[in-house]
Amino acid sequence: MPLGDEKHKVIYNELVNVLGANYVCDDPAVTQAYSRDYYAAGMLRRRRSEFVVAPGSTEEVQQIVKLANRYKFPFSVMATGMFLPTAMAAADYWCIIDTKRMNQIEIDEKNMYAIIEPCSTHAQLHAEAIKRGLFNGVPETGGQASAFVNAIWGGNQGTGYRTGMASRNLLGIEWVLPNGDIVRTGSLATPGAGYCWGEGPGPDLRGLLRGVSGNQAALGIVTRIALKLYPWPGPPVWPSEGVAPDKKSELPPEKFKWYLIAYPSVEKAVDAMYEIGDSEIGMLLHHWPAIYFNWWWAKSREEFWSTWLEEYWHKNCKNVVAICLWSLASEKQVQYEEKVLKQIIKESGGEPIPKDVYDRWAPYAVNNWIRDTNACRWMRIGGGLGNTHIVFDTMDNALALFPAAWERLDKYTPPALGGIHSAWILPFDFCHQALGEVDYTFEKTDEVCQVVQQSFVELIKQDRQDSVISLASGMATLNITGRDFANVHLLVAKIKKALDPNNVSNPTRLIDMEKLEKKLAKAESEPK
Amino acid sequence: MAMVMEKQKILPKDDWHRKYYWDLRKNAWFCARCSVCKSVDPWEVKSARFSKICPSSAYYIFDGYSCQGRMDVTVALIDGELKYDDSPGLLDVYYRCNMCGGCDAMCKRVQDMEPLRVIQEMRSRLVRDGQLLPAHMPIIDSLRQEDNMMLKPKAERGKWAEGLAVKDLTGEKAEVAFHAGCNLSFDDELGKVARKAVRLLQNAGVDVGIMGKDEICCGGKAYEMGYQGELTKYAQSNMEAWANAGVKTVVTTCSDCYNTFKRLYAELGSKFEVLHIVEVIDRLMKEGKLKFTKIVPMTVTYHDPCHLGRRDHVYVPGEAIMGIYDPPRNIIKSIPGVELIEMERIKENAWCCGAGGGVREAYPDFNAFTAQERIEEAKSTGAEALVTACPWCERNFIDAISKNGDQMKVFDIVELVQQAI
């Protein structure tokens, strides 16, 4: 890394001119903190960036981007930083833009939306929203993660059944393009209209953000967004009692009614979920595998493994459909929906899990799906989290792909830990769309990470072959996957070229322009 | 649909995942980069304004100054990916930390790890390897020469107790030793807290004595700066002095000293009972030996000192991160006329006062920021006074208030109690 060379010094001084010395750093002990994430790929490809900067406003982001174009240095951007494999340094003079200073939240109560900046966490937004009788969907990553980032890529939400994928809630957007121009979309494009609406004059640019894995800031940096909010029938302060990790959280039962219903098979569970979706009842709906009960309940990894060996949750929580009814309009709504739900349970052959099992789990874990989700707890079991199936399609498609995913899981078990076939189904939009996911934990060592990477590559191959839109295929560069999806890489390359003529915005991620251009030039020069 | 095949149970090869034990590299390596170390428990976030838990991350912004970054640097140093000479700012990464344990509580909550112990161990390594923070060196010199952390001559140590009729444990015996600590011994404004505490104990019939001018530092602050040897030396001297005076119980008003005596000395073999003054008062109240007779019309909020609160917890995976949370609250609620209004961040989620970990001595701007943040939170409750149970916290709050011209009053809990009897 050319830390001491002239170009480095020039870039450093220019960054300091823009941001001040407190917000620019090139010390290896500081940049080391941006060199990896929890993901297997992140562990294997550790690399320090050369600079890290902390802008405080859209204008400062714009100036950094203009400098990047002038001095031809690459940049990437991060918020809370849990998922960094597509933001870590990949070349010399790399600058990571850490948005921690950009964490403002403004709530428009009347029009039910929030304007947030990149480092506004979900828990912050949630706390501010519920004070005002409003609610935003909770990201799977947890309350400490960025609500903003969750919405500008294919973020899941615990309430996705009703609130959709997180990105469905995007309204106006402010965005610094890779060439340093600022674009404002939706109603922001109309002077004085504010952030209230997603669509606006001209084409809807949100499509450039909202892929399954987003555009990974390869098409610039989004600095402010407005998010749609929903009614919140609960208390203005999140209820909790106890001292961590021994804590309970219970919401008023007349306003929030949970049902955990066991089915003889995952297919039967999905049938019931379709019925529930058709009836448009409930706010949260999931199919949770038994391992989730274990993950969310255990207060320590020791407790996790001992209950795992006892098979307590496996025996008691097979093929569980979890639904929470909310009094969005009134308590009578819950009463009505409960009647509908009971009818569906009866007709679909479901059985509520035993009361003692429910009582052992629900007060400690169930409302996590409304406030925190706490998915980072996954990693404590062995250090790593892997997936052999993360597909965004329909519930039927999730079902159809589970057997192959379980086969892959079996093939990689060990080093995958556990040895049970998990199957999480999170429906969106009243079950018209769904995420299907097969998760596993593994021990985080370099050797095991290699194997996990190998399984991921295999998954990408399989998804390409099946034309499946998944997080795996979404994470691969479009150079690899584009031709499997209507040659989308050629379209994206044109957009990238137009917006990022110097190829400085997270180059090689989303699409590797240098490789693509070489390949296209070679094809051009070859005789037809 | 293929049949769901249950495979045999595959368990981790490394037993650490199933039966936790202390391991420096494993604790650092298994950091999930989830960022729970930067914010309070999401269930406890009540506003965006007061939702952070790590002062270092809040002030210095970059992840290198967060718990997560310190884990990365630790792994890099252990594995040789980073060397001391590579980084001019390496010491700042480890020392721009109040050692408040906020990150530690959050990480234990979710990931079952002890990052604060990693930071502590790395500080000790740095000192062992001669990587000394220049700003700490005069303090350590003062400690070695004058037996205190306040850069003051040891001859002045006993001034706080002048005229106080109390047993002198250098020549007399008593069941209870009251330890004033460096801060109260040399702070002319706060020394009254120690006097009041001794009187309170005497009035309750406790057989109490002090070491007076011969009292020495507990060694805890030096230990947190990375000077392990100092801790051992002062622990041996203190334990010997207490034993010679027939002491069974040590009582202090200083949370730092309390934690050092109770937790660190215990690791060195101490068998003395250690109580913070709030535990004694709470006990005396319950036994009916202390009654509040005067009304103190005041709304107050209570600041949990880190060493008395979450840092009192001895880690057992899965167990609640308990500290001395309830006794001070019991006391405040029992005083007639006093209304306790809680801040947003309390108990294991409390924001630090800023003074700990050698920060007050080395990074005054960071120290002031941390204190001011807590004062802003206290002000947001509408309380008239901020009550705490540690002289380091009290001093830091008083300094921040006087610098910023705030109107909030600051009391040690002993002062509040004194007003009610």
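**Figure 1. The salt bridge between Glu44(B) and Lys247(A).** In this predicted model, the closest N and O atoms of Glu44(B) and Lys247(A) are 2.4 Å apart. Seven salt bridges are found across the interface of chain A and chain B (a side-chain nitrogen of Lys or Arg within 4 Å of a carboxyl oxygen of Asp or Glu). On the side of chain A that touches chain B there are 38 nonpolar, 21 polar and 26 charged residues (Ala, Val, Leu, Ile, Met, Phe, Trp, Tyr, Cys and Pro count as nonpolar, Asp, Glu, Lys and Arg as charged, the others, Gly among them, as polar).

**Figure 2. The interface of chain A and chain B.** About 6500 Å² is buried between the two chains, 57% of it on carbon and sulfur atoms (accessible area, 1.4 Å probe, lost on putting two parts together, summed over both). Arg36(A), Val243(A) and Arg301(A) supply 10% of the area that chain A buries against chain B, more than any other three residues. In contact are 85 residues of chain A and 71 residues of chain B (heavy atoms within 4.5 Å).

**Figure 3. The C-alpha trace of chain A.** Along its principal axes the trace spans about 70 × 55 × 50 Å. Of the 528 residues in chain A, 65% are buried (under 20% relative accessible area, 1.4 Å probe, protein chains only).

**Notes.** Residues are numbered from 1 along each chain as its sequence is written, and chains are lettered from A and ligands numbered from 1 in the order in which they are written. Local features need pLDDT of at least 70, side-chain atom pairs count only at pLDDT 80 or more, and totals for chains, interfaces and linings use all residues, while side-chain values use heavy atoms, with hydrogens and water left out.

Methods
Buried means under 20% relative accessible area, exposed over 50%, partly exposed in between (1.4 Å probe, protein chains only).
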